[in-house]
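Please keep the sequence and the structure in view while reading.

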Amino acid sequence: MLNVLAQTGPGEMLEGLKAIGAGLGYGLAAIGPGVGIGTVVGNAISSMARQPESAGMVRTTMFLGIAFTEALALIGFVVFILLLP
Amino acid sequence: MSNSVTVEPVAPESDIARHLARRVVLVSPVFLLVGVLGWGLDGLLSSALALVLVAVNFRLGAAIITRAAQISINALYGAVLGGYVVRLALMTAVVLIVKATGLLATVPFAITLLVTHLGLLAWESRHVAMTLAAPGLRPTK
């Protein structure tokens, strides 16, 4: 592996590191929204189980909460696309 | 909580996703114009792709929730989290395929994707907040 690294030029190495960084960044950026969506849905399910008659209102708020949380993942996605060589 | 617990047969998320998709059509000329004026044909295509992705993402998310809620609320939890991963993967795959063709202008794509997603959500939140708080004062648009 060190031989392969020694044969690559500085430009190639930089491109490779940028790709690795972009992928890592995207993966890390997706963790937070995943936890957030889990929290939103978990609490919505608790509410629906306690008060099934309020399911419509809870699901409305839940969907908007999921979509807002997902915006964070989209920011990570956009950074991934911008960084990708 | 048993697996047989289901929620009432309403689908508010589908209505919200339909509203959002309709609003994507309303705001699309602005983003398409900015894309074509700033980045040419690539910008137009990239903005169009971002608008389609936003609308499809909302509709797919709502469809997953509606379908899972008909099964059980336990299925809802798994479907929403699984759907999140699947939707991100689909979006990534589509964008990488388009990027490989060389037609993707990343800046107009990024601007359109983020501004449309957040802007439309804020717009819809205003509508939903008024509807939930005071149904009589519900905005017409």
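Axes are lines fitted to C-alpha atoms, for helices over the stretch in contact, and angles run from 0 to 180 degrees between N-to-C directions. In this predicted model, helix α2 (residues 10-50) of chain A packs with helix α3 (residues 55-83) of chain A at an angle of about 175°, and their axes are 8 Å apart. Because angles over 145 degrees count as roughly antiparallel, α2(A) is roughly antiparallel to α3(A).

The residues in the two contacts described here divide by class as follows.

| Contact | Nonpolar | Polar | Charged |
|---|---|---|---|
| α2(A) with α3(A) | 21 residues | eight residues | two residues |
| Side of chain B that touches chain A | 26 residues | five residues | two residues |

Between the chains, the contact takes 33 residues from chain B and 29 residues from chain A. On the chain B side, the elements that give two or more residues are α1 (12-71), α2 (73-101) and α3 (106-133) of chain B, and α3(B) gives the most, with eleven residues.

Which residues of α2(B) are buried? They are B:Ile73, B:Leu76, B:Val80, B:Tyr84, B:Leu88 and B:Val95, and the buried residues of this helix pack against α2 and α3 of chain A together with α1 of chain B. An α-helix has 3.6 residues a turn, so residues three or four places apart point the same way.

The length of α2(B) can also be checked: at 1.5 Å a residue, its 29 residues should span 42 Å, which agrees with the 42 Å between its end C-alpha atoms. After α2(B) comes B:Gly102, which has a positive phi, near 85°.

Technical notes: Residues are numbered from 1 along each chain as its sequence is written. Chains are lettered from A and ligands numbered from 1 in the order in which they are written. This is a predicted model: local features need pLDDT of at least 70, side-chain atom pairs count only at pLDDT 80 or more; totals for chains, interfaces and linings use all residues. Two residues are in contact if their C-beta atoms, placed from the backbone, lie within 7 Å. Helices (H or I, at least four residues) and strands (E, at least two) are DSSP runs, numbered from the N terminus. Ala, Val, Leu, Ile, Met, Phe, Trp, Tyr, Cys and Pro count as nonpolar, Asp, Glu, Lys and Arg as charged, and the others, Gly among them, as polar. Angles under 35 degrees count as roughly parallel, over 145 as roughly antiparallel, 65 to 115 as roughly perpendicular and the rest as oblique. The expected span of a helix is 1.5 Å times one less than its number of residues. A residue is buried if 20 or more other C-beta atoms lie within 10 Å of its own, exposed if 12 or fewer, and partly exposed in between; C-beta atoms are placed from the backbone.
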